[in-house]
Amino acid sequence: MYHLRLKGDHYQMGVKRGTIFQKANISFPLHLDTFQLNHGKESEKILREFFPEVCEEIRGVSEIIGADYLSFISWMLCMGCCMYNLENNIPVEIRGCTAFAYSKDDNIIYGRNNDLPPYLRDGSKSEIYSPQNGNRFNITTSSFINGEEGLNEHGLAVAMTFVMTRLEKIKPGFNSCFIVRYLLEKADDTETAISLLMELPIASNCNILLADKNGKMVVVECTPDKKNIREAITSDNGSIVCTVNSFTSDEYASYDDSNGDDYDSAKRYKVVMNSFIDKITSNYLENTMSLLKGEYGFMCQYEDPNFQTVWSSIFNLKNLMIYRAEGDPRKKKFITDSRLHDIKFGR
């Protein structure tokens, strides 16, 4: 996993990244069919309307590496949405992932297993952004510029999980990974993030988990046509919210086009929710690590060698400390990442 720091003007941050790509002779599979290219071009207009800064960052990358800007950004906007012919024409994108947040005894903790084909592991990144006129944040990604999860300086965690969408339902708009980036940079708490998210056109089905240091946490179930706010489940033990690769709300089940082929989403969801009641007791960091390692039930024990947990994360939303296993958490230790904490608190 790469650990990059970017700060300042968005275009110049893109230039810095593009220079890194250029020096490493990294190329990109910009093989888009007519549907994908049209989707990307129309989605770029929407992205530019809401988040012009990130378009300039992408322009900085594309100009340095000599790629056509519209083709390059179209490719990025198809990720996690309609990149159905990526990697030798795999018919569907292969994405798992479990994300959750809980509040217990004045602790606000977020956890995630990011499940992907293992060829994406070595190119994954944990990056610190300090953009002009935006929040400072840590974003973790199997791509770049956008991401699957992150934590910003205000103690707001944002994460996505993929939900399958039939091609004919996809519309121009933000894909889930650009939603994560946008909210990390623009919002300072869950309520603000909800307000911003409700205004965004959404390209395809996804779940967006939001949790802040004050304990407000929700999952927003997003489709290209509507959105549903799923509140945390609260009991005497605290509050918890979890998202996997399906829509948990009964009224949104019909929008899920996976037909049950969702990498045991229901099983993973049940393990998280039951663990919160029975297993996560007092040593919250260790208990959350054990949960992500699959010690309390099925979480990362995939038998398919072409589908694995490529990283696991834990965020402490109050002190901004991050703990990450860069690979299968059963095999890799959780390492402390204090970069965001140190930037915020000046240490």
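**Strand pairing and helix packing in the predicted model**

Strand 4 (residues 125–131) and strand 5 run antiparallel and are joined by five bridges. The structure described here is a predicted model. Within this pair, tyrosine 129 has phenylalanine 137 of strand 5 as its bridge partner. The hairpin formed by strand 4 and strand 5 has five residues between the strands, and asparagine 133 takes a positive phi near 60° in this hairpin.

Strand 5 also pairs with strand 6 (residues 149–152), again in the antiparallel sense, over four bridges. Here phenylalanine 137 stands opposite asparagine 152 of strand 6. Strand 5 (residues 137–141) is largely enclosed by the rest of the structure, because five of its five residues are buried. Phe137, Ile139 and Thr141 point one way from the strand, whereas Asn138 and Thr140 point the other way; burial applies to all of these residues.

A further set of strands forms an open sheet of seven, ordered 11-12-2-3-13-14-15 and paired in the antiparallel sense. Strand 11 (233–235) and strand 15 (335–337) are the edge strands, each pairing on one side only. From one strand to the next, the twist averages 15°. Inside this order, strand 2 (residues 98–104) and strand 12 (residues 238–243) run antiparallel and are connected by five bridges. Alanine 101 stands opposite valine 241 of strand 12. Helix 8 (residues 265–278) lies across strand 2, strand 3 (107–116), strand 11 and strand 12, and runs at about 170° to strand 12.

Helix 2 (residues 34–50) comprises 17 residues. The distance from its first C-alpha to its last is 25 Å, close to the 24 Å expected at 1.5 Å a residue. At the N-terminal end, helix 2 is capped by aspartate 33, of which a side-chain oxygen lies 3.2 Å from the backbone nitrogen of phenylalanine 35. The buried residues in helix 2 are Gln36, His39, Gly40, Ser43, Glu44, Ile46 and Leu47. Their cover includes helix 3 (52–65), helix 4 (69–78) and helix 6 (176–186).

Methods. Residues numbered from 1 in each chain as written. Predicted model: local features only at pLDDT ≥ 70, side-chain atom pairs only at ≥ 80, totals over all residues. Heavy atoms only, no water. Helix = DSSP H or I, 4+ residues; strand = E, 2+ residues; numbered from the N terminus. Expected span 1.5 Å × (residues − 1). Buried < 20%, exposed > 50% of the residue type's maximum accessible area, 1.4 Å probe, protein only. Contact = heavy atoms within 4.5 Å. Polar contact = N/O pair within 3.5 Å; in protein donor to acceptor, adjacent residues only side chain to side chain. Pairing = 2+ DSSP bridges. Axes fitted to C-alpha atoms, helices over the stretch in contact; angles between N-to-C directions.
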